[in-house]
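Here are a few notes to read alongside the model. Have a look at the fold first, then go through the points.

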Amino acid sequence: MKDYVIKATSGNGYVRAYVATTRNLVQEARDNHNTIKVATAALGRTLTATSMMGLMMKNENDELSVIIKGGGPIGTILATSDSKGYVKGYVQYPDLNGVEVQDYPNGKLNVAGAVGNDGYVKVIKDLGLREPYVGSYPLVSGEIAEDFTHYFALSEQTPSVVSLGVLTTATEVQEAGGLIVQLMPDATEETIATLEKNVSKLKSVTTMLSEGMTPDDMLNLVLDGLEPKILDICEVKFDCNCSKDRIKKVLISLGKDSLAEIIEEDKKAEISCHFCNSYYNYTEEELRAVLGEM
Ligand SMILES: [Zn+2]
């Protein structure tokens with residue numbers, strides 16, 4: 001099954017919902033970065049939410065980045081999405097630098113233990129305006145879904161239900177997905193009550209996916225009695241748009257002196273893309289050309 005996100009509303013328009021299945025893109029992220037299990041879960045949850053948030057943007061060239069920094073051994077998590085929900089991302093320490101984080105007693109991965117909860121979730125939206133929108137809010141749990149719920153409440157005054165899940169072995173992502181359900185202003189008490197009842201009965205996303213449910217099935221559960229209407233079905237994926245030319249910016253950012261030093265000492269350079277771990281090799285000639293442009 002391909003990765004996709006369903007965009008939907010309730011019949012009365014008071015609720016909007018995004019439901020995602022993202023196993024493949026989380027697998028690709030895992031393979032790119034060789035994350036250990038708990039880091040795969042943290043990165044996968046973040047990528048899944050970021051993809052859905054990317055799809056909330058209006059214009060084709062809009063871009064959204066999420067940075068989560070909670071003081072835990074995973075370091076910083078960074079994810080970026082375009083308006084098609086195509087995402088890329090990485091974590092600073094894919095192996096937590098050897099720090100061991102114990103699973104919860106029920107066997108669930110202790111994502112908050114890896115991420116930490118003393119820090120922030122920062123959302124940067126580049127909407128093509130002169131200045132990007134930047135919103136930064138304190139982390140409340142480090143489990144990521146709760147942190148996005150908090151973000152939506154504070155930044156957009158939008159009451160939201162966010163559920164994210166990744167089920168993985170050491171190397172094989174078995175299930176990944178999520179949902180974001182949001183109440184629009186002026187939602188009726190009846191709508192709110194129905195939604196609350198549905199949400200209270202909802203199992204975890206990975207449980208539902210493991211039971212063979214599709215995003216459509218999950219949507220029907222969460223909007224039960226609210227006449228769900230599908231607006232769009234969007235195929236999403238892990239997508240890095242790096243190229244040798246774009247990576248050149250990294251060389252330029254080093255500054256003339258450092259680059260000259262590299263040319264003198266190494267006569268070549270190998271630069272990797274943070275997002276996808278692709279390697280780009282530069283010969284001495286190419287490096288001199290970059291230096292000449294600076
Ligand atoms: Zn890349």
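1. A word on burial before the numbers: a residue is buried if 20 or more other C-beta atoms lie within 10 Å of its own, exposed if 12 or fewer, and partly exposed in between, with C-beta atoms placed from the backbone. By that count, 42% of the protein's 294 residues are buried.

2. Keep in mind that this is a predicted model: local features need pLDDT of at least 70, side-chain atom pairs count only at pLDDT 80 or more, and totals for chains, interfaces and linings use all residues. Numbering starts from 1 along each chain as its sequence is written.

3. You'll find ten helices and twelve strands here (DSSP runs numbered from the N terminus: helices are H or I, at least four residues, and strands are E, at least two). The C-alpha trace spans about 70 × 45 × 35 Å along the principal axes.

4. The protein splits into domain 1 (4-235) and domain 2 (244-293), with bounds from an automatic or database domain assignment. Their C-alpha centres lie 35 Å apart. Five residues from domain 1 and four residues from domain 2 make the contact.

5. On the domain 1 side, α1 (23-33) and β5 (87-91) are the elements giving two or more residues. The largest share, three residues, comes from β5.

Notes
Two residues are in contact if their C-beta atoms, placed from the backbone, lie within 7 Å.
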